[in-house]
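Work through the following exercises with the structure in view. Each task is followed by a solution in steps.

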Amino acid sequence: MTDKELWRRMENMATSERSLEREMSFMLLLKQAYDKDMNLIMPCVYDSMRPGVARQGYMEVMGKRMLVCFTSKQRAKQAEYNTSWDIAKARDIMNNMFNKDKIAGMVFNPNDEKMVIVLKDVLLSIMPGEKPKPEFYGE
């Protein structure tokens, strides 16, 4: 599977009717993206003090962060954020999430009727084990 195929499958799932089956299928697809070292689409701001390093967009929900991603480049372009967007390794995004207590999960297509929420605790149940910190990990 290519990144474009991954994003197409994610977009198709996001546009399908919400159900427990859809949510589980989406998480299994994320696990596959993680295992195959594929890319996800995220809003970001580049760090002027550290060239090449981007800070991923997130939402605050009840004192915790939800990392923001998109299921397609089109949704990223249409998002109402004051940031740019780029692609990043699923492993880096997810390992960052798994290693920080302040991150509760991920939200794909926020503020959209086709939003998908992925909770870290549920994802950990299908992806147990130690998760390494990404190269540019910061507390």
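Two strands count as paired if DSSP finds at least two bridges between them. The model used here is predicted.

**Exercise 1.** State which strands form the open sheet and in what order.

Solution. Step one: the open sheet is made of 3 strands, and their order is S2-S1-S5. Step two: the pairing in this sheet is antiparallel. Step three: strand S2 (54-56) and strand S5 (84-89) each have a single partner strand, so they stand at the edges and one side of each has no neighbour in the sheet. Step four: from one strand to the next, the twist averages 60°.

**Exercise 2.** Describe how S1 pairs with S5, and find the residue opposite Cys44.

Solution. Step one: strand S1 covers residues 39-46 and is joined to S5 by 6 bridges in the antiparallel sense. Step two: the residue opposite Cys44 is Ser84, in S5.

**Exercise 3.** Find which strands helix H1 lies across, and which strands helix H4 touches.

Solution. Step one: helix H1 (residues 3-15) lies across S1 and S5, and runs at about 90° to S1. Step two: helix H4 (residues 90-98) packs on the sheet and touches S1, S2 and S5. Step three: the direction of H4 makes about 90° with that of S5.

**Exercise 4.** Describe the second largest pocket by its volume and its lining.

Solution. Step one: the volume of this pocket is about 160 Å³. Step two: 10 residues line the pocket, and those nearest its centre are Gln78, Ala79, Pro110, Asn111 and Asp112. Step three: sorted by kind, the lining has 4 nonpolar, 3 polar and 3 charged residues.

Terms used. Residues numbered from 1 in each chain as written. Predicted model: local features only at pLDDT ≥ 70, side-chain atom pairs only at ≥ 80, totals over all residues. Heavy atoms only, no water. 1 Å grid on protein atoms, 1.4 Å probe; cavity = no way out; pocket = protein on both sides within 12 Å on 5 of 7 lines; lining within 4 Å. Points joined across faces, edges and corners; volume = space filled by probe spheres on them. Nonpolar A, V, L, I, M, F, W, Y, C, P; charged D, E, K, R; others polar. Helix = DSSP H or I, 4+ residues; strand = E, 2+ residues; numbered from the N terminus. Axes fitted to C-alpha atoms, helices over the stretch in contact; angles between N-to-C directions. Contact = heavy atoms within 4.5 Å.
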